[in-house]
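Have a look at the structure first, then try each task before you read its solution.

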Amino acid sequence: MSERAVPFHCPYCGEEDLEPYENTHGGWYCRSCARAFVVKFIGVGVRI
Ligand SMILES: [Zn+2]
């Protein structure tokens, strides 16, 4: 199982043109809308 969560779509514009954001754990950069964001794993089977 991979340590890195890979987003399939940008949460802001919905495009798939993503690349890892350097020096930021879990960070991704969207080339389409030029936004950088972090994907954070918060747990399994926990529903609030
Ligand atoms: Zn985007």
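Before we start, one term: a donor is an N, O or S atom within 2.8 Å of the metal. Keep in mind, too, that this is a predicted model.

**Exercise 1. Find the residues that coordinate the zinc ion, and work out which arrangement their donor atoms make.**

Step 1: Look for the atoms around the metal. The SG atoms of Cys10, Cys13, Cys30 and Cys33 coordinate the zinc ion, at 2.3 Å.

Step 2: Check the angles. The 4 donor atoms subtend 106 to 113° around the zinc ion, so the arrangement is tetrahedral. For comparison, the ideal angle for four tetrahedral donors is 109.5 degrees.

**Exercise 2. Trace how strands E1, E2 and E3 are joined.**

Step 1: Start with E1 (residues 18-20) and E2 (residues 27-30). They run antiparallel, and 3 bridges join them. Pro20 has Trp28 in E2 as its bridge partner.

Step 2: Follow the turn. E1 and E2 make a hairpin with 6 residues between them, and Asn23 in that turn has a positive phi of about 65°.

Step 3: Move on to E3 (residues 36-38). E2 and E3 are antiparallel as well, joined by 3 bridges, and here Trp28 stands opposite Phe37. This hairpin has 5 residues between its strands, and Ala34 takes a positive phi near 60°.

**Exercise 3. Decide for Cys10, Cys30 and Cys33: buried or partly exposed?**

Step 1: Use the cut-off: buried means under 20% relative accessible area.

Step 2: Apply it. Cys10 has 3%, so Cys10 is buried. Cys30 has 0%, so Cys30 is buried too. Cys33 has 23%, so Cys33 is partly exposed.

**Exercise 4. Which residues make up the largest nonpolar core?**

Step 1: List the members. There are 5 residues: Cys10, Leu18, Trp28, Cys30 and Phe37.

Step 2: Take Leu18 and look at its contacts beyond its neighbours within four places in sequence. They include Cys10, Trp28, Cys30 and Phe37.

Conventions
Residues numbered from 1 in each chain as written. Predicted model: local features only at pLDDT ≥ 70, side-chain atom pairs only at ≥ 80, totals over all residues. Heavy atoms only, no water. Pairing = 2+ DSSP bridges. Helix = DSSP H or I, 4+ residues; strand = E, 2+ residues; numbered from the N terminus. Buried < 20%, exposed > 50% of the residue type's maximum accessible area, 1.4 Å probe, protein only. Core = buried A, V, L, I, M, F, W, Y, C linked by side-chain atoms within 4.5 Å. Contact = heavy atoms within 4.5 Å. Donors = N, O, S within 2.8 Å, 3.2 Å for Na, K, Ca; no water. Tetrahedral: all angles 85-135°; square planar, octahedral: opposite > 155°, others 65-115°.
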